[in-house]
Amino acid sequence: MRAQRRLLRSMASPAASCPHRRVASRCASLLVLAATVACSDDRGPFDGERARALTQRIVEIGPRPPGSANLRKVADLIASELKAIAPALELQRQTFRWPEPTSPVEYQNLWIEIPGRAATPTGPIVVLAAHYDSKITHEGKQDFAFVGALDAAASCAALVELARHLTGDRRLDHDVWLVFFDGEESIDWDWNDARALVGSRHFAKTMAADTARFPGGLA
Ligand SMILES: [Zn+2]
């Protein structure tokens, strides 16, 4: 019997639960804060200013709800940044429609897979994730430009900055996946668990079912 692979996740938003996965959750936002504080006197390996500048570029694109032209621009920006940092790593894209295959809005998860220095085909995978969509606004009381600077443009910028180090001299022994989820915010203004976390749930479901990639399943 083949060994199960473990996904160790860190996410900036609540994660979809999967009964077959063992999860180590942390908050990517806290990671950013810790890295920034730790480097306040000397810039250190994590460049907070560079992450802040990318956050600003994402925010300046404007509101980026699922299916919008702005969200495609942010996806292209993240893709080009990752390509410049790690040209040898292929950007993974996963597109799907929800809740039905014929639904009008197409979602797109993006990620890169950084091979660990001592990784094995059945070793654990560290997943660091953030979402790049912004909260959907609605006519009436919530009809304003919602650009999601901290939630979660800053987390995306932090992941990109981490990519710079995790693909360079700070490479880890384990495989590391940096994932950018679409469709994480609640479609309804008030949180509605049934209409949120679309990207991460799809990602978890498809990975758990991917027997070609994980012949032994996921733990
Ligand atoms: Zn969020």
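In helix 2, the buried residues are G48, A51, L54, T55 and I58. Buried here means 20 or more other C-beta atoms within 10 Å of a residue's own, exposed means 12 or fewer, and partly exposed is in between, with C-beta atoms placed from the backbone. Seen down the axis of helix 2, these buried residues fall within an arc of 125 degrees, so they line one face of the helix. The arc is that of the directions from the helix axis to the C-beta atoms. The face turned away from the buried side carries the exposed residues E49, A53 and E60.

Before going on, the basis. This is a predicted model, in which local features need pLDDT of at least 70 and side-chain atom pairs count only at pLDDT 80 or more, while totals for chains, interfaces and linings use all residues. Residues are numbered from 1 along each chain as its sequence is written.

Helix 2 covers residues 48-61, and its 14 residues reach 20 Å from first C-alpha to last, close to the 20 Å expected at 1.5 Å a residue. The expected span is 1.5 Å times one less than the number of residues. Helices (H or I, at least four residues) and strands (E, at least two) are DSSP runs, numbered from the N terminus. Just after helix 2, G62 takes a positive phi of about 105 degrees.

Now the chain as a whole. It has five helices and five strands, and along the sequence the pattern is β-α-α-α-β-β-β-α-β-α. Of the 219 residues, 35% are buried. Among contacts between residues at least 6 apart in sequence, 70% join residues at least 24 apart. A contact means that two C-beta atoms, placed from the backbone, lie within 7 Å.

Next, the helix packing. Two packed helices are described by the angle between their axes and the distance between the axes. Axes are lines fitted to C-alpha atoms, for helices over the stretch in contact, and angles run from 0 to 180 degrees between N-to-C directions. Angles under 35 degrees count as roughly parallel, over 145 as roughly antiparallel, 65 to 115 as roughly perpendicular, and the rest as oblique.

How do helix 2 and helix 3 pack, in angle and axis distance? The angle between helix 2 and helix 3 (residues 69-85) is about 155 degrees, with the axes 9 Å apart. Helix 2 and helix 3 are therefore roughly antiparallel. Their crossing is right-handed; a crossing is right-handed if the near helix is turned clockwise from the far one by less than a right angle, and left-handed if anticlockwise. On the helix 2 side, L54, R57, I58 and I61 meet N70, K73, V74, L77 and E81 of helix 3.

I61 counts as partly exposed, with 19 C-beta neighbours inside 10 Å. Leaving aside neighbours within four places in sequence, I61 is in contact with N70, K73 and V74. I61 and V147 are 86 residues apart in sequence, yet 8.4 Å apart in space, C-alpha to C-alpha.

Helix 4 is next. Its 18 residues reach 24 Å from first C-alpha to last, close to the 26 Å expected at 1.5 Å a residue. It is mostly covered, with 13 of the 18 residues buried. Helix 2 and helix 4 pack at about 130 degrees, with their axes 8 Å apart, and the two are therefore oblique to each other. Their contact is made by R50, A51, L54, T55, I58 and V59 of helix 2 and A149, A153, A154, C156, A157, A158, V160 and E161 of helix 4.

A158 lies in helix 4 (residues 149-166) and is buried, with 28 other C-beta atoms within 10 Å. From A158 to G48 it is 110 residues in sequence and 8.1 Å in space, C-alpha to C-alpha.

The axes of helix 3 and helix 4 come within 9 Å and cross at roughly 15 degrees. That makes helix 3 roughly parallel to helix 4. Here I78, E81, L82 and I85 of helix 3 meet C156, V160, A163 and R164 of helix 4.

Last, some backbone details. Most residues other than glycine have a negative phi, and most peptide bonds are trans. The bond from W98 to P99 is cis, with omega near 0 degrees, and P99 sits in the loop between strand 2 (92-97) and strand 3 (106-114). D151 and A152 are also joined by a cis peptide bond, omega about 5 degrees, and A152 is in helix 4. L197, not a glycine, has a positive phi of about 55 degrees.
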